[in-house]
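Please take a look at the structure below. This report walks through a few of its features.

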Amino acid sequence: MSTSGKRGMLGLALVIPSFLILFVVVILPILYAVRESLIDQNSGEFGLGNYIRLFTDPAMRKNITYTLNVTIVSTLLSLLISYSMAVYLRFSTSWMARWINRLYFVPMFVPGVIATYGLITLYGNHGWMVRLLLLLGIDSFPKIIYDYNGLVLANLWFNIPFATMLLSSALAAVPNSVIESARDAGANIWQLFFRFILPLSYKTMWVAITFIFMGIIGSFTAPFLIGANSPQVLGVAMQQVFSNYQETHTSSAMAVFMFLLCSVMGYFYIRTMGKDADV
Amino acid sequence: MVQAQRKMQTQVGTAEQGDTEAQLSIRNLSKIFKTGDGVTDISLDVQPGEMVTLLGPSGCGKTTVLRSIGGFLEPDSGDILIRGRSVLNLPPEKRPTAMVFQSYNLWPHMTVQDNLAFGLKIRKRKKVEIERSVTEALELVQLSGAARKYPGELSGGQQQRVALARALLLQPDVLLLDEPFSALDAKLRMEMREELREIQTKTGMTMVFVTHDQEEALSISDRIVVMHAGKIEQLSTPQDIYDRPGSLFVASFIGRINLMRSISDGQHIAVGSKVVQQDGSTSIPAGACTLAVRPEDLYLTGEPDSLEGTIRQVMVLGHYAEVSIHCEQEHLKMFVPREQAAELHSGQAVKVGFHKFTAFSEVSS
Ligand SMILES: Nc1ncnc2c1ncn2[C@@H]1O[C@H](COP(=O)(O)OP(=O)(O)OP(=O)(O)O)[C@@H](O)[C@H]1O
Ligand SMILES: [Mg+2]
């Protein structure tokens, strides 16, 4: 009893520092933000006033749908592109695949601000693309920077490398032997993909979706630099409400709302992981 | 062996005009990996309903041959025909072969039931039919209770049996088995061998079986291909391979054998004080040679022309005893019936004789 009691104490002692850090750095701020968000910005009373305004104010509603739109579209596009790329890298032995394999993660080493300015230089109104097309005699160029398209483009730039890396490692874990025996049984390329490769990597796909989604929904730098003035993504809108209008409580409500959105993703993520642990 | 040799010769020439068309025909297959290992000049005809075993030590190229047949390796040269049609440019999924892989290769995300049913499903079999076939196959490999389990929940031997059932269900023209019983215990292995033989006689399925277990090869094969360092060392019936090993390698690899250094003068071979007459079929040139005699072909004797030695050990193994004899600088092993063994003890001087032997010239091999 005494030894097991001692061991229990030791275990507790080992956990306490990390728990304290977690408490101070994560849990406390969340609780603080929740409390702040419940104090009405206008009346100073305790209640759901901030939230009600968040979902009734037309501009804010627009921001929310816009954010969800950008996030979901960017997430799905990133996933689609990185999954295709990962599959290609996993099964192709061409020199092209080898080069892509060496280069695809380079964007991860470019700081966000620099990358964003890079996009502006490339795709802006007077950017290289426009001038290049002009040389070729084409003078109509879609508006990319300061628009929805530009945001999606930036999100792709920031998320594809990481997602590809994640999915590549998942696909690397699909053994060749499984593919071989599937082909031996007569599976054609589609059956191979949908019955073997996809089921054996969808778990990591959820991880990728979760991380991309969370990264994009809370993104600030790129939307701040190349987003439109209206509507805005929540991150930028929140900054404005906080700094320009100095409405701490409203911005807290927005933060809590974003946190809830991410929690939903987190819930699905944990559920998927848990399900596989059961099997 | 003579017959087998004739067969091999025909393959090199015009194999097409055989009396029966071979189910599987491998012609001068070569596959050398970048590392320099691989197989060279493999030629083999497997008749319909025949079970041919590739036998050889680890790394001799058995799996390489099998994977080439299955379509997982592209040969450097040579041809592979199934029912007279070259399959060389068919991908694995189009080849009429099914393989039991050395590492089982079950699909971890599917239950045993689904593992077995998959091949039938994509062949568009009826649902009830699939259900029935799968149940039958599971019974066959004694795993009826495992249908709902995942491969990760099975032992190695169980997984191996599922892999066998999965391949059998595909009813291929040629079934390729890569050491399919290696993970089973002795009793189950025996049962599975019998089961496999039974399936074969029942269905007439053609099988190429890989093993490094010579006992297994001897017991289930119609013919054995002994491989060594990427080449075919001998191709013949089990009986023939056992009785007339074609090379020193085969002699020492198949079964237990006593090897004795000896000297040939062209007509006679002298081993210690015993001189034996060479028979007509094997002519060993003058010089050093090796005599190979099976333990069961040695006997204790009073004959004058025999080997003199002393017993070192008598080991009773069931109904017979294994006797080790130190005999003119050689260690010999022989079997004697148990009653006779009772009269033997270590240190005892004995005389050993033999009639059946195989001689290998050291010059040629
Ligand atoms: N993909 C490969 N690349 C390079 N060398 C290989 C490859 N596969 C096999 N080899 C080599 O070819 C030789 C034959 O291999 P193989 O797998 O056919 O042996 P095996 O007879 O099946 O042996 P075992 O009984 O151990 O399974 C070995 O020396 C092996 O190292
Ligand atoms: Mg092998």
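## Ground rules

Helices are DSSP runs of H or I with at least four residues, strands are runs of E with at least two, and both are numbered from the N terminus. Axes are lines fitted to C-alpha atoms, for helices over the stretch in contact, and angles run from 0 to 180 degrees between N-to-C directions.

The model is predicted: local features need pLDDT of at least 70, side-chain atom pairs count only at pLDDT 80 or more, and totals for chains, interfaces and linings use all residues. Residues are numbered from 1 along each chain as its sequence is written, chains are lettered from A and ligands numbered from 1 in the order in which they are written, and side-chain values use heavy atoms, leaving out hydrogens and water.

## Helix pairs

Start with chain B. Helix 4 (residues 127-140) of chain B packs against helix 5 (residues 156-169) of chain B at an angle of about 135°, and their axes are 9 Å apart. The two helices of chain B are therefore oblique to each other. Angles under 35 degrees count as roughly parallel, over 145 as roughly antiparallel, 65 to 115 as roughly perpendicular and the rest as oblique. Helix 4 of chain B passes helix 5 of chain B in a right-handed crossing. A crossing is right-handed if the near helix is turned clockwise from the far one by less than a right angle, and left-handed if anticlockwise.

Now chain A. The axes of helix 7 (residues 148-172) of chain A and helix 9 (residues 189-217) of chain A cross at roughly 150° and come within 9 Å. So helix 7 of chain A is roughly antiparallel to helix 9 of chain A. This crossing of helix 7 and helix 9 of chain A is right-handed.

## Around ligand 1

Which residues come nearest to ligand 1? They are B:S58, B:G59, B:K62, B:T63 and B:T64, out of 13 residues around ligand 1. A residue is near if one of its heavy atoms lies within 4 Å.

Polar contacts are pairs of N or O atoms within 3.5 Å. An oxygen atom of ligand 1 is 2.5 Å from a side-chain N or O atom of B:T63. For B:K62, that distance is 2.8 Å.

Most residues other than glycine have a negative phi, and most peptide bonds are trans. B:K124 is not a glycine, yet its phi is positive, about 60°. B:K124 sits in the loop between helix 3 (112-122) and helix 4 of chain B. A cis peptide bond joins A:S230 and A:P231, with omega about -5°.

Conventions. A polar contact is a pair of N or O atoms within 3.5 Å; within protein, one must be able to donate a hydrogen and the other to accept it, and residues adjacent in sequence count only if both atoms are side-chain atoms.
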